[in-house]
Amino acid sequence: MPKNGHGNFWWSTDVGNVHITSFSSEHDYTEESEQMAWLRADLAAADANRQQVPWLVVSCHRPLLSADEGSYGSHSPGAALLAAIEPLLFRTAA
């Protein structure tokens, strides 16, 4: 695993012209958590490097959005995971 994150739980790497960021939906992703500080810094650095590596791919274990009836409350608009991550994604998409 890349050594720039937290083992295989959250990490990032560049592959050609793609920056891949993987974060953990199973660890603390609240605003003041270690993971969110790392995620904000990683996405800001990747965004600043868009001339060299223009594509950003972000992944995690759980879906941000899902229509699955059994877990809709956890993966619907306004759910905690989406509310925490979506602002970061919009910030780097601009």
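Predicted model: local features only at pLDDT ≥ 70, side-chain atom pairs only at ≥ 80, totals over all residues.
Reader: Which residue forms a salt bridge with Arg40?

Author: The general idea comes first. Side chains of opposite charge can pair when their charged atoms come close. Here the partner is Glu31, and the closest N and O atoms are 3.1 Å apart. Glu31 is exposed, at 52% relative accessible area.

Reader: How many salt bridges does the count come to?

Author: Three. Another one joins the side chains of Arg62 and Glu26, at 2.8 Å from N to O. Arg62 lies in the loop between strand 3 (55-59) and helix 2 (80-93), and Glu26 in the loop between strand 2 (18-22) and helix 1, so this pair ties together parts 36 residues apart in sequence. Arg62 is partly exposed at 38%. Glu26 is partly exposed too, at 47%.

Reader: What is the distance, N to O, between Arg50 and Asp47?

Author: Their side chains meet in a salt bridge at 3.0 Å. Arg50 is partly exposed, with 28% relative accessibility. For Asp47 the value is 28%, again partly exposed.

Reader: Now Asp42. Is Asp42 buried or exposed?

Author: Asp42 is buried, and it has no salt bridge. The cut-off for a salt bridge is 4 Å.

Reader: Which side chain makes a polar contact with that of Asp42?

Author: His19, at 3.0 Å. Asp42 itself is found in helix 1 (residues 34-48). Beyond its neighbours within four places in sequence, Asp42 is in contact with Asn4, Ser12, His19 and Thr21.

Conventions
Residues numbered from 1 in each chain as written. Heavy atoms only, no water. Helix = DSSP H or I, 4+ residues; strand = E, 2+ residues; numbered from the N terminus. Buried < 20%, exposed > 50% of the residue type's maximum accessible area, 1.4 Å probe, protein only. Lys, Arg positive; Asp, Glu negative; His and termini not counted. Polar contact = N/O pair within 3.5 Å; in protein donor to acceptor, adjacent residues only side chain to side chain. Contact = heavy atoms within 4.5 Å.
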